[in-house]
Amino acid sequence: MCHVWVNAEIFDQGKVRSKKVRGLVDTGATLTTLPESFAAGLGIVPTGQELTIKKGRAVVRVANKEELQAVWISDIIDKVLIGSVTLGTLGLRVNPITGKIEETPLLLYRCS
């Protein structure tokens, strides 16, 4: 499968500022990752840190669906990476045959 790019819009937590961007879907990444300068430009500030990477919160919109998400804020990544948690909470997935984003049902499982 080739690289999968999506049109996304990232907002600060209060949805005051936003920026449209082409994001690289990274199904191996848990959280969406924002370059530090990109996050700072939107006023997204770190709210914590895990190991060596800062963590913040942003509203992420992909395919006209949006949710407030925990995001990584990276000083070494130079592009927006859309992680698997973001895709899952938006009810989206990558079709491995077509290499495109498609809707998938959000499921609640119950173990008996």
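Val 25 touches Val 4, Val 6, Ile 82, Leu 87, Val 94 and Ile 101, not counting residues up to four places away in sequence; contact here means heavy atoms within 4.5 Å. This is a predicted model, in which local features need pLDDT of at least 70 and side-chain atom pairs count only at pLDDT 80 or more, while totals for chains, interfaces and linings use all residues. Residues are numbered from 1 along each chain as its sequence is written, and side-chain values use heavy atoms, with hydrogens and water left out.

**The nonpolar core**

- The largest nonpolar core holds 21 residues, and those that touch the most other members are Ile 10, Val 25, Leu 34, Ile 44, Val 62 and Ile 82.
- Two or more residues of this core come from each of β1, α1 (36-41), β5, β6 and β8 (92-95).
- A nonpolar core is a set of buried Ala, Val, Leu, Ile, Met, Phe, Trp, Tyr and Cys residues joined through side-chain atoms within 4.5 Å.
- Buried means under 20% relative accessible area, exposed over 50%, and partly exposed in between, with a 1.4 Å probe and protein chains only.
- In soluble globular proteins, nonpolar side chains tend to be buried together.

**Strand pairing around β6**

- Helices (H or I, at least four residues) and strands (E, at least two) are DSSP runs, numbered from the N terminus.
- Two strands pair if DSSP finds at least two bridges between them.
- Strand β3 (residues 32-35) runs parallel to strand β6 (residues 65-74), and 4 bridges join them.
- Within this pairing, Pro 35 has Ser 74 in β6 as its bridge partner.
- Strand β5 (residues 53-62) runs antiparallel to β6, with 9 bridges between them.
- Opposite Arg 57 stands Ala 70 in β6.

**The turn between β5 and β6**

- The hairpin of β5 and β6 has 2 residues between the strands, and Ala 63 there takes a positive phi near 55 degrees.
- Asn 64 is found in the loop between β5 and β6, and its phi is also positive, at about 60 degrees, although Asn 64 is not a glycine.
- Asn 64 counts as exposed because its relative accessible area is 78%.

- Thr 32 lies in strand β3 and counts as buried because its relative accessibility is 0%.
- A polar contact is a pair of N or O atoms within 3.5 Å; within protein, one must be able to donate a hydrogen and the other to accept it, and residues adjacent in sequence count only if both atoms are side-chain atoms.
- The side chains of Thr 32 and Thr 86 are joined by a polar contact of 2.6 Å.
- A polar atom of the Thr 32 side chain also lies 3.2 Å from the backbone nitrogen of Gly 83.
- Beyond its neighbours within four places in sequence, Thr 32 is in contact with several residues, including Ala 70, Val 71, Trp 72 and Val 80.
- Ser 74 lies in strand β6 and is buried because its relative accessible area is 4%.
- The Ser 74 side chain reaches the backbone nitrogen of Ile 76 at 3.0 Å.
- Residues up to four places away in sequence aside, Ser 74 touches Thr 33, Leu 34, Pro 35, Glu 36 and Ile 53.

- Lys 15 is found in the loop between β1 (5-11) and β2 (18-25), and its phi is positive, near 60 degrees.
- Lys 15 counts as partly exposed because its relative accessibility is 38%.
- Lys 15 lies over the face of Phe 11, at 4.8 Å from the ring centre; a charge sits over a ring if NZ of Lys or CZ of Arg is within 6 Å of the ring centre and within 35 degrees of the ring normal.
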